[in-house]
Amino acid sequence: MIEDLWYKNAMIYSLDLETFVDADGDGCGDFEGLIRRLDYLETLGVDVLWLAPFQPSPNRDNGYDISDHYGVDPRHGSLGDFVELVHQAKKRGLKIIIDLVVNHTSDEHPWFRRSRAGDARFRDWYVWSKKRPSTWNEGMVFPGVQRATWTRDAERKEFFFHRFFEFQPDLNIVHPEVRAEIRRIIGFWLQLGVDGFRVDAVPFIIEHPDPSDLEAPPRLRFEYLEEMRDFLQWRGSDCVLLGEANVLPDESRAYFREGRGIHMMFNFWVNQHLFYALASADVAPLREALIATRELPWSAQWAQFLRNHDELDLGRLDDERRALVFERFGPDPSMQLYDRGIRRRLAPMLGSRAQNELAYSMAFALPGTPVIRYGDEIGMGDRLDLPEREAVRTPMQWSSDPQGGFSRARTAVHPVVESGAYGYRHCNVADQRRDPGSMLRWMMRMIAIRKECPEIGWGRWEILESGSPHVLAMRFEWRDRSVVTLHNFDVRPHEVRIRVDVEEGNRLVDLWAARESLAGEDGLHRIPLESFGYRWYRVGSLNYALHRSPETPLRDVAKSASRSVKKKAKPRRRR
């Protein structure tokens with residue numbers, strides 16, 4: 001069961017091929033470059049690589065305007081290079097998931113060209129209206145930049161629907177041939193060895209205007225998620241769907257479909273309240289957010305993250321809390337975007353190494369599967385002189401060589417971060433690998449500790465009373481093992497008082513340092529936490545020896561033991 005649900009305790013690394021490594025010197029990242037860095041990623045300790053879109057595209061929206069779902073953009077290599085990447089990754093035990101962008105296509109996609117030309121087969125593959133609907137300027141994804149959601153096509157002389165930019169027309173998911181094509185896309189990449197898909201803009205895939213009544217509120221067609229999962233599980237039984245759906249907690253269960261929908265979802269609700277806690281030192285709203293997203297189907301999982309390739313979306317916070325986060329992390333209007341988000345990388349936004357460590361330690365200690373954004377392991381910065389979300393999409397900084405070691409070309413696909421403390425001369429992988437006190441070395445150790453705590457990915461959890469409004473204390477339990485984590489969001493130190501009600505709860509063994517905490521006569525642990533301090537404890541002992549508990553079926557223990565100790569079969573003697 002553990003191996004079948006591998007995503008429950010994995011470590012996901014998000015990267016954009018375009019800005020990771022350029023091997024052929026043309027200024028754009030490619031598969032060959034990524035293959036050369038697989039050993040680095042294996043050493044870092046990650047298990048899964050999530051690749052941003054690399055298919056052919058006019059590239060007007062970071063590759064999310066795809067013009068061929070079955071190919072590879074020549075800038076990155078070929079399908080043969082992709083297969084080689086999959087082969088080399090699997091040799092190192094790394095899984096690969098790719099973006100599945102099927103809410104829309106590029107307006108240069110052959111499907112849209114044939115639809116606008118009136119081709120009988122493709123005519124209704126997109127959402128068209130002869131008259132401009134009254135909602136033509138509502139529901140825009142990029143307010144302040146995007147002008148409309150309905151645009152008139154000069155060739156067909158009708159209006160087409162687009163949630164995103166006008167060069168990204170929405171596919172008509174209601175059309176059975178469109179859904180059949182989506183299944184073919186999934187099947188194609190599964191056949192080439194991918195282990196799953198990060199499904200882009202899930203709510204917009206299933207929420208579409210009714211072509212027969214464009215003025216009516218759109219209906220959510222969750223059954224389409226079941227169709228996708230059924231096909232995925234039939235073709236690749238242990239493959240997963242990781243959904244991007246920034247929805248309210250009460251709405252999220254519908255996307256999991258009681259274990260018949262998507263396997264994983266990014267926890268935007270907890271993410272936004274985590275940043276509020278980082279800005280205010282008040283952990284009460286974060287506690288409430290965790291409780292609100294607690295109940296999941298047994299096979300479902302949250303993906304917990306800090307930053308991604310877009311803006312930090314704060315749209316789910318109330319006005320007062322959002323204003324406080326803006327004031328703390330994005331006070332200048334140039335740092336803000338779409339009236340809801342902050343377009344900064346994590347390290348410069350938080351401003352200190354101590355708070356950066358606290359943030360990632362907390363993210364790794366949240367119930368679910370951690371997701372790391374490329375460059376965060378070294379504390380990369382941003383370039384606010386670039387437009388919109390391009391500020392956080394600068395090339396990976398590998399060394400102090402020109403272009404940060406990303407490329408030999410004089411001009412890269414995106415400018416690197418050059419100046420200041422976050423410039424590539426001061427912040428890069430090569431230097432930090434040699435520095436035992438670097439952010440990279442800290443991250444490698446953090447990942448190792450987290451992977452030794454499957455209780456967080458698999459187990460039951462509870463929030464402990466810490467005695468401080470600034471400290472979040474959590475306990476995880478799975479197969480009679482327990483882990484306790486403490487995080488102080490305040491700039492001031494605090495003494496935490498916690499009670500761990502288990503048989504071995506009088507002893508907490510620190511996973512980071514050679515120290516322990518023993519409970520007092522009143523059963524309380526009194527633990528000092530420094531400014532932005534954190535602790536990871538194992539309850540009772542560091543002994544990982546296998547033993548059976550009432551909650552652990554004997555067959556599961558036998559499976560674990562068989563993986564730990566492999567006996568060689570004796571050769572049979574011939575008669």
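Visitor: Are F82 and W189 buried or exposed?

Guide: In this predicted model, F82 is buried, and W189 is buried as well.

Visitor: How many aromatic pairs does the structure hold, and why is the pair of F82 and W189 called edge-to-face?

Guide: The structure holds 36 aromatic pairs. To read one of them, look at the angle between the ring planes, since planes over 60 degrees apart count as edge-to-face. The ring centres of F82 and W189 are 5.1 Å apart and their planes stand at 80 degrees, so this pair is edge-to-face. Because F82 belongs to helix α3 (residues 79-91) and W189 to helix α5 (residues 176-191), the pair ties together parts that are 107 residues apart in sequence. Ring pairs also link F82 and W189 into a cluster with F31, F54, Y70 and F188.

Visitor: Why does W442 count as buried?

Guide: Buried means under 20% relative accessible area, and W442 has 8% relative accessibility, so W442 counts as buried. Y534, at 13%, therefore counts as buried too.

Visitor: Which residue has its charged end over the ring of Y276?

Guide: That residue is R321, whose charged end sits 5.3 Å from the centre of the ring. In another such case, R345 lies over the face of Y374, at 4.9 Å from the ring centre.

Visitor: What is the strand order in the open sheet of three strands?

Guide: Strands of a sheet pair through backbone hydrogen bonds, and they may do so in parallel or antiparallel fashion. Here the order is β13-β15-β14, and the pairing is antiparallel. The edge strands, β13 (312-313) and β14 (336-337), each pair on one side only. Two bridges join β13 to β15 (residues 341-342), and L312 stands opposite I342 in β15.

Definitions and conventions: Residues numbered from 1 in each chain as written. Predicted model: local features only at pLDDT ≥ 70, side-chain atom pairs only at ≥ 80, totals over all residues. Heavy atoms only, no water. Pairing = 2+ DSSP bridges. Helix = DSSP H or I, 4+ residues; strand = E, 2+ residues; numbered from the N terminus. Phe/Tyr/Trp six-rings, centres within 6.5 Å; stacked < 30°, edge-to-face > 60°. Buried < 20%, exposed > 50% of the residue type's maximum accessible area, 1.4 Å probe, protein only. Lys NZ or Arg CZ within 6 Å of the ring centre and 35° of its normal.
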